[in-house]
Amino acid sequence: MDKLEYKLEVFEGPLDLLLYLISKNKLNINDIELSVIVDQYIEQIRAMQQSDMDIASEFLEMASRLIYLKTVSLLPKHEEAEKMKEELALELMEYERCRKIAKLFSTMTDGFDTFIKSPEKVEFDKTYTNVHEKELILSSYIAAIGRGKRRLPPPTNVFSKIVARKIVSVSSKIVFVLKNLMRTGNKKMVRLFDGAQSRSELVATFLAVLELCKANRVHLEGSGDEMEISVVRGDNK
């Protein structure tokens, strides 16, 4: 057997040393010849001890692991040895992949250790969640507009939207509800609100139904979307 000559600093750990021995002996990682690898590994450990080198505990741990694996594999039934060899092969393959990636990264000198990322658009919640006392709001308002201006009347454009809205009367919706029911006899309550174009129209329709109920002109039955409204006939009053 050729005497191994190399320095410890070349290897970063026991897996690194094992990969070197496998490559040197042209072995397959999935089918490691323990008789060759273990002896060469132990020889290297002894060489390091004779040279008074500080041997890391992980090298000694791997040595004991290899010796135990070689011993167990000599038994007639060595299922445990096969499992241990498989685990060791997986570790070596994973370490070899990491070593190749590290070697690839080491050649990337342009921009190495630099990560550039474009800024992302962040959507902030603009809902105002603070709660203030009304006295504080009043004092802040006075401080903002000045004490002399707070008694001035508001401008007319403030009321333009209110004045411009169409006011729907309850009486017109009472006629609307009765006409609907006269044609069909009864219908779902929710259908009366179909086609409403404003909140005023919705409210007027609802108030019309309440007035008709109060006058015992209509009858409500059910709840929710399934509630039905029908005209109270003369014989049902």
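# Reading a predicted chain

Mentor: Let us start with Glu 61, which lies in helix 3 (residues 57-73). This is a predicted model, where local features need pLDDT of at least 70 and side-chain atom pairs count only at pLDDT 80 or more, while totals for chains, interfaces and linings use all residues. Residues are numbered from 1 along each chain as its sequence is written, and side-chain values use heavy atoms, with hydrogens and water left out.

Trainee: What makes a stretch such as residues 57-73 a helix?

Mentor: Helices are DSSP runs of H or I with at least four residues, strands are runs of E with at least two, and both are numbered from the N terminus. Helix 3 covers residues 57-73, and Glu 61 falls within it.

Trainee: How many helices and strands are there in the protein chain?

Mentor: The chain has eight helices and three strands. From the N terminus on, their order is α-α-α-α-α-α-α-β-α-β-β.

Trainee: Why is Glu 61 called exposed?

Mentor: Exposed means over 50% relative accessible area, buried means under 20%, and partly exposed is in between (1.4 Å probe, protein chains only). Glu 61 has 57%, so it counts as exposed.

Trainee: Is Met 62 buried or exposed, and how do you know?

Mentor: Met 62 also belongs to helix 3. Its relative accessibility is 6%, which is under 20%, so Met 62 is buried.

Trainee: Which residues is Met 62 in contact with, leaving aside its neighbours within four places in sequence?

Mentor: They are Pro 14, Leu 15, Leu 18, Tyr 41 and Leu 88. Contact here means heavy atoms within 4.5 Å. A C-alpha distance is another kind of value: for Met 62 and Ile 42, 20 residues apart along the chain, it is 9.9 Å.

Trainee: What makes Glu 91 and Arg 65 a salt bridge?

Mentor: A salt bridge needs a side-chain nitrogen of Lys or Arg within 4 Å of a carboxyl oxygen of Asp or Glu. For Glu 91 and Arg 65 the N to O distance is 3.0 Å, so the pair passes. Glu 91 lies in helix 4 and Arg 65 in helix 3, so the bridge ties together parts that are 26 residues apart in sequence. Both residues are partly exposed, with 32% for Glu 91 and 25% for Arg 65.

Trainee: How many salt bridges does the structure hold?

Mentor: Six. One of them joins the side chains of Glu 201 and Lys 173 at 2.9 Å, N to O. Glu 201 is in helix 8 and Lys 173 in helix 7 (residues 170-184), so this pair links parts 28 residues apart in sequence. Lys 173 has 9% relative accessibility and therefore counts as buried. Another bridge pairs Arg 191 with Asp 194 at 2.6 Å, N to O. Arg 191 comes out as partly exposed at 42%, and so does Asp 194 at 46%.

Trainee: Is Thr 205 buried or exposed, and how do you know?

Mentor: Thr 205 lies in helix 8 (residues 199-214). With 2% relative accessibility it stays under the cut-off, so Thr 205 is buried. Leaving aside its neighbours within four places in sequence, Thr 205 is in contact with Lys 173, Leu 192 and Phe 193.

Trainee: What makes a nonpolar surface patch, and which residues form it?

Mentor: A patch is made of residues with over 30% relative accessible area and no salt bridge; nonpolar side chains (Val, Leu, Ile, Met, Phe, Trp, Tyr) are joined within 5 Å, and like charges within 9 Å. Leu 202, Val 203, Phe 206, Leu 207 and Leu 210 make one of about 400 Å². Leu 207, found in helix 8, has 36%, so it clears the 30% limit while counting as partly exposed.

Trainee: Which residues gather in a patch of negative charge?

Mentor: Glu 79, Glu 82, Glu 86 and Glu 87 do, on the surface. Lys and Arg count as positive and Asp and Glu as negative, with His and the chain ends not counted. Glu 86, in helix 4 (residues 79-106), has a relative accessible area of 52%, so it is exposed.

Trainee: What share of the protein chain's residues count as buried?

Mentor: Of its 237 residues, 25% do. Among contacts between residues at least 6 apart in sequence, 56% join residues at least 24 apart.

How values were computed: Areas by Shrake-Rupley, 256 points an atom, 1.4 Å probe, with all protein chains shown as cover. Charge placed at Lys NZ, Arg CZ, Asp CG, Glu CD.
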